[in-house]
Amino acid sequence: MTPPTLTAAIAALLEGVSRKDLGQRAGKLSSVYRDGGTSAGIATRADALAYLVTRCPATYAATRAAFARVTEAVPDFSPSGLLDVGAGPGTAAWAARDAWPSVDAITLIEPNAVFRDLAARLLPDAEIIPGDLGVAKPSADLVTASYVLAELPEAAAAFIARDLWGSATKMLVLVEPGTPAGFARIRAARAALIAAGGHVAAPCTHDNTCPMAGNDWCHFSERLPRSREHMIAKGARVPFEDERYAYVAVSRASVMPPGFARIIKPVVENKPGITLPLCDASGLRDQFIARRDKDLIRSARKKEWGDLF
């Protein structure tokens with residue numbers, strides 16, 4: 001859920017905006033993103049406002065969930081500076097400040113002037129740099145890029161990840177749509193960053209070669225409530241949506257002690273017990289926990305897709 005301060009800031013920007021026009025623009029944006037389009041479709045302030053209503057909550061939820069996994073894996077990570085590349089209206093910066101109140105200095109790099117204008121309104125204390133991924137970048141403890149690699153050819157993911165890594169003094173976090181194409185870019189970035197000396201903080205609990213193969217892909221899901229504005233704009237009838245995402249967080253320091261696994265798919269519970277689909281240093285495996293194992297089953301019942309085990 002977006003924080004109340006961000007919700008209020010977006011509501012203020014929507015004052016006097018035609019809801020009919022917002023819905024029409026939201027429909028066009030949804031079609032563009034479904035077809036693999038880019039933020040180049042955001043040409044006017046009205047387009048950007050439609051994005052704020054329809055996509056900002058979901059991208060915030062996914063990015064914030066990824067950051068939560070980083071804080072779980074590296075509880076002593078306390079960044080003071082953030083560099084967000086391809087920042088859009090500053091969604092990831094809001095999520096980072098929520099995850100790490102220590103974040104003080106924020107630098108946003110964004111090529112779209114309309115998004116830069118909204119980011120300046122939503123984050124008046126941020127430094128905003130016009131430009132794309134190729135622009136000269138300052139260093140920061142935490143560097144993020146969310147839903148950015150999806151706009152590039154898959155073959156560019158490794159190169160871009162290494163370039164971003166050069167600016168990250170402590171941690172780089174990449175978030176992409178939870179599709180096979182999104183995961184392919186995350187996997188390529190992950191391999192390049194490990195080769196460059198990085199250590200995976202999340203979701204992986206190891207730095208080994210990714211064991212995913214064939215048509216399978218590693219992704220997670222975050223359920224978030226839809227606001228009234230969101231439901232009107234999208235013509236939605238269900239009061240929630242599920243945002244599927246893939247991500248990787250890579251640290252300069254080794255962070256994950258041995259013995260942990262990540263739950264990479266929904267937990268399966270039936271009469272005999274619970275099955276946890278896991279990934280760890282040994283690879284992919286399903287761990288079955290029988291109901292007769294009272295202590296372990298009690299612990300397993302609290303676990304969900306995306307959790308550590």
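Here are some questions and answers about the predicted model above.

Reader: What share of the 309 residues count as buried?
Author: Buried means under 20% relative accessible area, with a 1.4 Å probe and protein chains only. By that cut-off, the buried share of the 309 residues is 51%.

Reader: Which residues touch the most other members of the largest nonpolar core?
Author: A nonpolar core is a set of buried Ala, Val, Leu, Ile, Met, Phe, Trp, Tyr and Cys residues joined through side-chain atoms within 4.5 Å. The largest one has 87 residues, and helix α4 (residues 56–73) gives it the largest share, 8 residues. The members that touch the most others are Trp-100, Met-171 and Leu-174.

Reader: Which residues of helix α8 (residues 180–195) are buried, and which of them does Leu-174 touch?
Author: Gly-182, Phe-183, Ala-184, Arg-185, Ile-186, Ala-189, Arg-190, Ala-192 and Leu-193 are the buried residues of α8. Contact means heavy atoms within 4.5 Å. Leaving out residues up to four places away in sequence, the partners of Leu-174 include Ile-186, Ala-189 and Leu-193.

Reader: Nice! Why does the length of α4 agree with what its 18 residues should span?
Author: The expected span of a helix is 1.5 Å times one less than its number of residues. For α4 that gives 26 Å, which agrees because its end C-alpha atoms lie apart by 26 Å.

Reader: At what angle do α4 and helix α5 (residues 91–99) pack?
Author: Of the 18 residues of α4, 14 are buried. Its contact with α5 is made by residues including Tyr-60, Arg-64 and Phe-67 of α4 and Trp-94 and Asp-98 of α5. Axes are lines fitted to C-alpha atoms, for helices over the stretch in contact, and angles run from 0 to 180 degrees between N-to-C directions. The two axes are 9 Å apart, and the angle is about 35°.

Technical notes
Residues numbered from 1 in each chain as written. Predicted model: local features only at pLDDT ≥ 70, side-chain atom pairs only at ≥ 80, totals over all residues. Heavy atoms only, no water. Buried < 20%, exposed > 50% of the residue type's maximum accessible area, 1.4 Å probe, protein only. Helix = DSSP H or I, 4+ residues; strand = E, 2+ residues; numbered from the N terminus.
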